[in-house]
Amino acid sequence: MSSPELNHSLIRLLITLYRTGSLRAAAEALRISTPSASYVLSHARDLFGDPLFRRTNTGMAPTTRMAELMPELEALAAGMNRVLAGDVKIFSPALSQMRFRIACFDNFIPLMLGPAMQHIRKAAPNLKMELIPQTEGVIEDMRRGHLDFCLRANATLPGDFHSLVAARSNFAVLAAREHPLVRRAMSGEQITRADLAPFAQLQIRVPLQTKGVTRPLSFEKDEDSVKVFLSTQSFLGPPLLLPGTDLLLVLPRPTAAFWVNFAPSLAMFDVAEFSETPFTARFFWHERVDASPQHQWLRGIFAQAADNQ
């Protein structure tokens, strides 16, 4: 025998019986037979583990449990009525053709989008995404509805934005596996920032709020002390330049770990001072879309991908 379920008919009967105090009157109001109403009431009693109504000289009196349930049942009924009337659009990932625009750096692809892709494609095959390079105007673009989400580290967010933590980490150095600093680190030696100084670096820079201004990803205190061979705003291109060279590349630890797993010719090591500069990457959005079922669904998938890192 199947277990009783909370459905629209059951909710309507309980509300109507509460208001009329008569099973016959409730049945007439709902245009069902009294035996059918009695059957639904029996299922409701099994579902809630309570008599819900007791017969008295003046009719059917609600129990304390029924009185407690009444506000919630009325809210459920109101929501169901809106849905049935077509006033509420139900989001179905399988039917969605929505396009999401996400401002991010390219390491978003392997770290968050990659782990979530199988789920997204299976659940929402018609959904579309557009990844937009980060710019200094991302906050205003989100306010105006030009962007849906943004992923950024150590972002200071205005009060009209919401966020979830995508990663908490620090930086590591990526280099060719045969690099002398890699060999020293693998032998157990602690590498310091001073040990990096003789070697040229590939440097990733990120945009600031001022148009056209960027800063080094790793928050170098003395930027002039770093010998920069090449600078870029890409996270995924520079590692391809490391094999066979003595170049170094400072990356967020999760991104460096991705490359070590992806390319056997690369290795990563820690730098003592980098533990003093941890960062928090946040996935954030404007309050305009906070209650959107579509956005909530996608945020939930990315939150799960972040938790699994």
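User: Before anything else, what does contact mean here?
Analyst: Contact means heavy atoms within 4.5 Å. Residues 24 or more positions apart account for 73% of the protein's contacts with a separation of 6 or more.

User: What kind of model is this, and how are residues numbered?
Analyst: This is a predicted model, where local features need pLDDT of at least 70, side-chain atom pairs count only at pLDDT 80 or more, and totals for chains, interfaces and linings use all residues. Numbering starts from 1 along each chain as its sequence is written, and side-chain values use heavy atoms, with hydrogens and water left out.

User: How many helices and strands are there?
Analyst: The protein has 10 helices and 13 strands. Both are DSSP runs numbered from the N terminus: helices are H or I with at least four residues, strands are E with at least two.

User: So is the whole thing compact or spread out?
Analyst: The protein is more spread out than a compact globule, because its radius of gyration is 29 Å, well over the 19 Å that the globule rule gives for 309 residues. That radius is taken over C-alpha atoms, and the rule is 2.2 Å times the number of residues to the power 0.38. The C-alpha trace spans about 95 × 45 × 35 Å along its principal axes.

User: Which domains does it have?
Analyst: The assignment gives domain 1 (8-85), domain 2 (93-168 + 280-307) and domain 3 (171-277). Such bounds come from an automatic or database domain assignment. The centres of domain 2 and domain 3, taken over C-alpha atoms, are 27 Å apart.

User: How much of the protein is buried?
Analyst: Buried residues make up 40% of the 309 residues. Buried means under 20% relative accessible area, exposed means over 50%, and partly exposed is in between (1.4 Å probe, protein chains only).

User: And the surface?
Analyst: The protein exposes about 16,700 Å², and carbon and sulfur atoms supply 52% of that area. Areas come from the Shrake-Rupley method with a 1.4 Å probe; for residues, only the protein chains shown count as cover.

User: Let's zoom in on β7. Where does it sit?
Analyst: Strand β7 covers residues 171-176, and six of its six residues are buried, so the strand is largely enclosed by the rest of the structure.

User: Which strands does β7 pair with?
Analyst: One partner is β11 (residues 248-252), antiparallel over four bridges. There, A172 has L251 as its bridge partner. β7 also pairs with β12 (residues 266-269), antiparallel over four bridges. Two strands pair if DSSP finds at least two bridges between them.

User: New topic: D195. Where is it, and is it buried or exposed?
Analyst: D195 lies in helix α8 (residues 193-196). D195 counts as buried because its relative accessibility is 18%.

User: What does its side chain reach?
Analyst: The D195 side chain makes a polar contact with the side chain of R184 at 3.3 Å. A polar contact is a pair of N or O atoms within 3.5 Å; within protein, one must be able to donate a hydrogen and the other to accept it, and residues adjacent in sequence count only if both atoms are side-chain atoms. The D195 side chain also reaches the backbone nitrogen of T192 at 2.9 Å. Leaving out residues up to four places away in sequence, D195 touches L181, R184 and Q190.

User: Which residues have a positive phi without being glycine?
Analyst: R31 is one of them, with phi near 60°. L52 is another, at about 70°.
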